[in-house]
Amino acid sequence: MYEWIKAFHVMAVISWMAGMLYLPRLMVYHADSAVGSVQSETFKIMERRLLKGIINPAMALTWVLGLYLAWSAFGFKGGWLHGKILLVVILSGIHGFLVGRVRAFAEDRNDKPARFYRIINEVPAVLMALIVILVIVKPF
């Protein structure tokens, strides 16, 4: 079962990361659209569906399967694993922050410029790179 669980974990991670990289990009364009415009209303729908249909379920599955793998294969031991879990906790915090931003957009109370979301868009990519390095290289 380990290999199957690992395969589904990787698929969940890919789905979560795809959404985490796309959602802030939508927000870049949403921040530049006028409140109440057709574009703004379309972005609201896109952001909500992406979050509820892909990102949230993928994150939950990533956590459940990842914790099982960490326990069953490694007994929660290894510096690289502790580092990975810390980075995934941070990524989950970014996820939570983006949930709040989706709510702000839905209520037409976004107070951040498009540039802010361009910068935030890079954070999940950097975390992903660090997590992959820890998993593959296991430097400590």
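Predicted model: local features only at pLDDT ≥ 70, side-chain atom pairs only at ≥ 80, totals over all residues.
**Aromatic rings in this model**

Residues are numbered from 1 along each chain as its sequence is written, and side-chain values use heavy atoms, with hydrogens and water left out.

Now for the ring pairs. The structure has 6 aromatic pairs, counted when the ring centres of Phe, Tyr or Trp (its six-membered ring) lie within 6.5 Å; planes under 30 degrees apart are stacked, over 60 edge-to-face, and the rest tilted. One of them joins Tyr68 and Trp71, a tilted pair at 5.8 Å centre to centre with 55° between the planes. Both sit in helix H2 (residues 38-74), 3 residues apart, about one turn of the helix; helices are DSSP runs of H or I with at least four residues, numbered from the N terminus. Tyr68 is partly exposed at 37%, while Trp71 counts as exposed at 53%.

Back to Tyr117: its ring pairs edge-to-face with Phe116, 5.2 Å centre to centre and 85° between the planes. Phe116 is partly exposed, at 24%. Together with Phe97 and Phe105, Phe116 and Tyr117 make up one aromatic cluster.

Lys112 lies over the face of Phe116, 5.4 Å from the ring centre, with NZ of Lys or CZ of Arg required within 6 Å of the centre and within 35 degrees of the ring normal. Elsewhere, the charged end of Lys138 sits over the ring of Trp80, 4.5 Å from its centre.

Definitions and conventions
Helix = DSSP H or I, 4+ residues; strand = E, 2+ residues; numbered from the N terminus. Buried < 20%, exposed > 50% of the residue type's maximum accessible area, 1.4 Å probe, protein only.
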